[in-house]
Amino acid sequence: MATPSTYDEFRQLAMRLDMSRGKPSPEQLDLSRALLDEAGTAGFVSRDGIDCRNYGHLLGLPEAREFGAQLLDVDTAQVVAAGNSSLELMHDALAFAMLHGMPGHAPWSKQGEVAFLCPVPGYDRHFAICEALGIRMIPVPMTQDGPDMDAVEAHVKSDASIKGIWCMPLYSNPSGAVWSRETVDRLAALPAAASDFRLFWDDAYRFHHLTDTPRSTPNIVELCERAGHADRALVFASLSKVTVAGGGIAFLAASQRNIGWWQKHMSVRTIGPDKLNQLRHVRFLRDREGLERLMAKHRALLRPKFDAVVSTFEALLADIPGVSWNRPEGGYFISLYVPKGYAKSTVALAAEAGLVLTPAGAAYPYGRDDEDRHLRIAPSFPSLDEVTLAARGIALSLRRALEEDAR
């Protein structure tokens with residue numbers, strides 16, 4: 001296939017590729033094929049003699065909770081091992097807060113207007129939960145060290161309607177930011193007007209490193225306890241992009257008081273999680289070292305794709321004023337900033353050529369990027385050849401958008 005040098009040449013290729021979500025590739029999913037191939041031989045009796053085919057154990061299989069505690073550096077009593085989706089846990093935690101309130105507090109829905117701080121650019125599905133539950137979203141700017149903490153503190157110190165902030169501390173979606181110790185310390189000790197203020201701590205990319213030098217962030221549960229806000233942090237994580245994207249294990253880590261609150265309200269919703277899946281995962285991954293060995297194989301598949309996007313942008317976009325992008329050290333996304341007013345037209349031109357991207361503005365509450373500058377690039381799913389061609393198509397689509405406006 002000839003390498004296109006113009007937008008028209010790219011369009012003539014009639015590409016058919018959807019890069020709108022950060023999905024693992026088939027090759028990544030194949031890394032955990034044993035979960036499927038050995039499902040019939042993994043057994044159904046747990047270490048403690050629990051028949052995993054049956055009801056019960058609302059907080060998860062004991063060895064799955066221990067595994068989650070090992071991954072998240074907390075005590076086992078502070079962990080819930082649940083179904084496959086951490087997003088589901090976030091939704092339910094917010095819904096429980098709206099309906100029933102946090103421990104010792106009235107339901108949020110009966111306290112008047114409820115607002116959440118949303119670092120931008122951020123994760124569109126976080127914003128979708130807030131919008132679905134009628135929670136007002138307040139954007140705060142992101143830096144490479146995390147949210148602008150001066151802005152965060154100014155918002156929460158006098159406004160009791162602000163009940164929380166979305167946090168993705170390591171390799172943030174989509175900016176790739178790694179939140180600094182200072183940022184995390186300030187969040188833990190934040191003087192919030194709302195005594196039931198919460199950090200919704202989405203640790204989705206805790207083990208998703210793209211370099212040979214893994215980054216980490218401080219233990220927010222421990223820091224909140226030290227700061228006198230033991231119930232402040234709700235930490236969410238999952239194995240969705242570690243093993244099988246639609247069939248991993250999700251974890252919630254928090255204070256024991258919060259875990260009791262969760263158990264009380266979740267007991268109305270379900271009799272227990274899929275313990276067979278939890279048992280298979282624990283026997284497949286075994287321990288943290290086993291998970292890290294698997295993630296090294298993911299890294300070997302992902303890193304060339306990210307490198308290809310960045311090198312293509314360097315070759316085709318470096319000469320355009322107002323264009324920038326990041327080179328993430330982990331996670332699943334690259335943020336591309338185009339000149340003000342050209343994100344939507346770039347996405348539209350790419351779509352005309354058969355390349356579907358995340359909608360412009362998706363990384364902002366209500367889908368509103370007032371500057372129309374940000375694009376979220378998801379290199380993980382396509383093959384290396386496809387993602388290299390797609391990156392070229394994105395660059396050529398932007399150049400065409402700029403050319404059309406200059407005519």
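The paragraphs below take the strand first, then the helix residue.

This is a predicted model, in which local features need pLDDT of at least 70, side-chain atom pairs count only at pLDDT 80 or more, and totals for chains, interfaces and linings use all residues. Residues are numbered from 1 along each chain as its sequence is written, and side-chain values use heavy atoms, with hydrogens and water left out.

Begin with strand S8, residues 233-238. Helices (H or I, at least four residues) and strands (E, at least two) are DSSP runs, numbered from the N terminus. Six of the six residues of S8 are buried, so the strand is largely enclosed by the rest of the structure. Buried means under 20% relative accessible area, with exposed over 50% and partly exposed in between (1.4 Å probe, protein chains only). In a regular strand the side chains alternate between the two faces of the sheet. Here Ala233, Val235 and Ala237 point one way, Leu234, Phe236 and Ser238 the other way, and all are buried.

S8 pairs with strand S7 (residues 198-202), parallel, through four bridges. Pairing requires that DSSP finds at least two bridges between two strands. Tryptophan 201 has valine 235 as its bridge partner in S8. Strand S9 (residues 250-253) pairs with S8 in the antiparallel sense, over four bridges. There, valine 235 stands opposite alanine 253.

Now turn to alanine 390, in helix H14 (residues 384-406). At 0% relative accessibility, alanine 390 counts as buried. Leaving aside neighbours within four places in sequence, alanine 390 is in contact (heavy atoms within 4.5 Å) with Met15, Leu17, Met19 and Leu355.
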